[in-house]
Amino acid sequence: MDNGHGRGNSKREFKKNGDRSFSGNRNGRSFSRDDRKTRARAVRVDNKDERIDSDNYDENASISDNQPTNDRLEGKNAVTEAFNAGREINKIWILKPSDNSKLEHGLYKLLCMAQEKKIVVNHVPRQTLDRMSQTHNHQGIIAQVASHEYSDVTDMINNARVKGHEPLFIVLDELKDSYNLGSILRIADSAGVDGILIPKHRSIGLDSVVAKASAGAIEYVPVARVTNLTQTLNELKEQGFWVMGTDAEAEVDYDKADYSGALAIIIGSEGEGMRNTIKNCCDYLISIPMVGHVNSLNAAVAGGIIVYEAVRQRRSKG
């Protein structure tokens, strides 16, 4: 991942003893952590639920090319986790065994779960699944589900605090690769991140490829899709959040930063890094030292390094 170009406008100071102390100005306004206002203000997001009516489909036919594709889950892990999470599943297409052969155990188990829940099941040849598949790795099963619901940022904040800790969010600035987003969802789930924020425009959404790449993590990690990412970050800061950005030229190494408190960590897009408008929202910037010949990291890899350092510090400090 290329973490962008240039440095943020925020001046920052770190105490030598490791305690965190920020002072300086942002856009001409002095600030400090202690005097930040924490007045409650709802952060609204786009949260439309676009459901697909299963009655519009022929039980014996595959999904045609002109029908929506973001309502599919592909692969055994993705479908299994959808079942486990209680996701609404309208229909399943499953591989029809060839003559004198039995259904593979993992598929048979999913077939039994579908029959128990009285879900419509279509047994189709592999060629049909290949034609329907977007991931090209359907593993013999594709499920039609209600379009994935996005979360509300305010709910994500409240859910974290009900659990007794300050929220930790990952913010993705115009990430466009489905596999990167899927990998980041897996990282967020395993690390216990409280939610992910993505912009509504110029960014990958929660589609079938992301679901497949997440190996089921999409069912457990709240994702909020916001109309104006800059405005949302500023509103988070009004509620007591610190906003941390990743930048290749930042002066602070990722393992020297303080990750305590309510925190939003921004990961820039592939190639371009953070936009300047987003960088200007950051309270401080961090970098990952690079000593090899390659001068950038994959967005998901960089995000994993930083998130696990954040989790390590937050756990050690209780």
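Mentor: The model is a predicted one, in which local features need pLDDT of at least 70 and side-chain atom pairs count only at pLDDT 80 or more, while totals for chains, interfaces and linings use all residues. Residues are numbered from 1 along each chain as its sequence is written, and side-chain values use heavy atoms, with hydrogens and water left out.

The second largest cavity has a volume of about 40 Å³; a volume is the space filled by probe spheres set on the grid points, which are joined across faces, edges and corners. Its lining, meaning residues with an atom within 4 Å of a point, consists of Ile170, Leu172, Ile184, Ile187, Ile267, Gly303, Gly304 and Val307. By class, the lining holds 6 nonpolar residues, 2 polar and no charged. Here Ala, Val, Leu, Ile, Met, Phe, Trp, Tyr, Cys and Pro count as nonpolar, Asp, Glu, Lys and Arg as charged, and the others, Gly among them, as polar.

Which elements each supply at least two residues of this lining? They are strand S7 (168-172), helix H5 (178-191) and helix H9 (299-316). H9 gives the most, with 3 residues. Helices (H or I, at least four residues) and strands (E, at least two) are DSSP runs, numbered from the N terminus.

The structure holds 2 aromatic pairs, that is, rings of Phe, Tyr or Trp (its six-membered ring) with centres within 6.5 Å; planes under 30 degrees apart count as stacked, over 60 as edge-to-face and the rest as tilted. Phe169 and Phe241 form a stacked pair, at 5.4 Å centre to centre with 25 degrees between the planes. Because Phe169 lies in S7 and Phe241 in the loop between helix H7 (229-238) and strand S10 (242-246), the pair ties together parts 72 residues apart in sequence. Phe169 is buried, at 0% relative accessible area, and Phe241 is likewise buried at 0%; buried means under 20% (1.4 Å probe, protein chains only), exposed over 50%, and partly exposed in between.

Two further buried residues belong to other elements. Ser287, in strand S13 (residues 284-287), is buried at 6% relative accessibility. Beyond its neighbours within four places in sequence, Ser287 is in contact (heavy atoms within 4.5 Å) with residues including Asp247, Val252 and Tyr254. Ala211, in helix H6 (residues 208-213), is buried at 1%. With neighbours within four places again left aside, Ala211 contacts Leu73, Ala78, Gly216 and Ile218.

For the chain as a whole, the secondary structure comes to 9 helices and 13 strands, and 51% of the 318 residues count as buried. Among contacts between residues at least 6 apart in sequence, 80% join residues at least 24 apart.

Finally, the confidence: the mean pLDDT (the predictor's confidence in each residue, from 0 to 100) is 78, and 76% of residues reach 70 or more. Over residues 1-69 the pLDDT is below 50, although this stretch has 165 contacts in the model beyond near neighbours in sequence. Where pLDDT is low, the predicted coordinates should not be read in detail.

Methods
On a 1 Å grid over the protein atoms alone, a cavity is a set of points where a 1.4 Å probe fits but cannot get out, and a pocket is an open set with protein on both sides within 12 Å along at least five of seven lines; lining residues have an atom within 4 Å of a point.
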